[in-house]
Amino acid sequence: MSSTLETPHSSSTRSSILKADWEPSDALHEAGFVRVPVPVPTAAERAELWRRALATPAGTSLEPEVDVDALANKFRFTGGQIRDAAATARGLARSRNPHREDGSRITLDDLSARCAQIDPQ
């Protein structure tokens with residue numbers, strides 16, 4: 001499924017929406033189908049989503065170099081994409097050192113690796 005992002009003319013406008021290009025086919029085409037526009041979170045909302053997604057459970061911690069405001073400004077992700085990137089980064093951190101009792105640290109490289117897969121710029 002590919003997505004396109006309509007960007008507003010000003011950052012204060014919340015009219016940008018993420019649209020899926022997917023259309024139902026075969027039997028699904030005959031069923032009722034409703035499009036629901038989903039607003040893309042603002043930079044401040046994305047920063048909060050990153051903070052919540054990176055609020056690490058036992059077993060991982062966040063490197064001080066990770067700037068969630070910079071992540072929020074660089075990647076215009078939805079909440080689901082942010083949760084996915086954070087979960088993947090957490091897995092990468094754990095796999096680097098799975099036997100550490102105090103856990104592994106999530107680095108900017110861990111996050112950048114997954115973010116680049118989601119949004120190859």
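1. Let me start with Arg 46. Beyond the residues up to four places away in sequence, Arg 46 touches Val 40, Pro 41, Ala 72, Asn 73, Phe 75, Arg 76, Phe 77 and Ile 82; contact here means heavy atoms within 4.5 Å. The residue lies in helix H2, which covers residues 43-53. Helices (H or I, at least four residues) and strands (E, at least two) are DSSP runs, numbered from the N terminus.

2. A word on the model before going on. This is a predicted model, where local features need pLDDT of at least 70 and side-chain atom pairs count only at pLDDT 80 or more, while totals for chains, interfaces and linings use all residues. Residues are numbered from 1 along each chain as its sequence is written, and side-chain values use heavy atoms, with hydrogens and water left out.

3. Which side chain of opposite charge is nearest to Arg 46? Buried means under 20% relative accessible area, exposed over 50%, and partly exposed in between (1.4 Å probe, protein chains only). A salt bridge takes a side-chain nitrogen of Lys or Arg within 4 Å of a carboxyl oxygen of Asp or Glu. I'd give this arginine a second look in the viewer.

4. Now the overall picture. The protein chain has five helices and five strands, and from the N terminus on they run β-β-α-β-α-β-α-α-β-α. Of its 121 residues, 26% count as buried. Among the contacts with a separation of 6 or more, 59% come from residues 24 or more positions apart. The accessible surface of the chain comes to about 7900 Å², and carbon and sulfur atoms hold 52% of that; the areas come from the Shrake-Rupley method with a 1.4 Å probe, and for residues only the protein chains shown count as cover.

5. On to the charged pairs, four salt bridges in the structure. One of them joins Arg 52 to Glu 48, with the closest N and O atoms 3.0 Å apart. Both residues lie in helix H2, four residues apart, about one turn of the helix. Arg 52 is exposed at a relative accessible area of 61%, whereas Glu 48 is partly exposed at 34%.

6. Another salt bridge brings the side chains of Asp 69 and Arg 51 together at 3.0 Å, N to O. Asp 69 lies in helix H3 (residues 68-74) and Arg 51 in helix H2, so the pair ties together parts that are 18 residues apart in sequence. Asp 69 counts as partly exposed at 38% relative accessibility, and Arg 51 is partly exposed too, with 38%.

7. Between Asp 84 and Arg 114 the N to O distance of the salt bridge is 2.4 Å. Here Asp 84 belongs to helix H4 (residues 79-96) and Arg 114 to helix H5 (residues 108-118), so parts 30 residues apart in sequence are tied together. Asp 84 has 29% relative accessibility and counts as partly exposed.

8. Which residues touch the most other members of the largest nonpolar core? Of its 18 residues, they are Trp 50, Leu 54, Leu 71, Phe 77, Ile 106, Leu 111 and Cys 115. H2, H3, H4 and H5 each supply at least two residues of this core, and H4 gives the most, with five. Such a core is a set of buried Ala, Val, Leu, Ile, Met, Phe, Trp, Tyr and Cys residues joined through side-chain atoms within 4.5 Å. Leaving aside neighbours within four places in sequence, Leu 71 is in contact with Trp 50, Val 66, Leu 108 and Leu 111.

9. Ala 86 sits in helix H4 and is buried, with a relative accessible area of 1%. Not counting residues up to four places away in sequence, Ala 86 touches Trp 50, Ala 53, Leu 54 and Leu 111.

10. Last, the rings. The count comes to two aromatic pairs, with rings of Phe, Tyr and Trp (its six-membered ring) pairing if their centres lie within 6.5 Å; planes under 30 degrees apart count as stacked, over 60 as edge-to-face and the rest as tilted. Trp 50 and Phe 77 have ring centres 6.4 Å apart and planes at 40°, so this pair is tilted. The pair links distant parts of the chain, with Trp 50 in helix H2 and Phe 77 in the loop between H3 and H4, 27 residues apart. Both Trp 50 and Phe 77 are buried. Together with Phe 75, Trp 50 and Phe 77 form one aromatic cluster.
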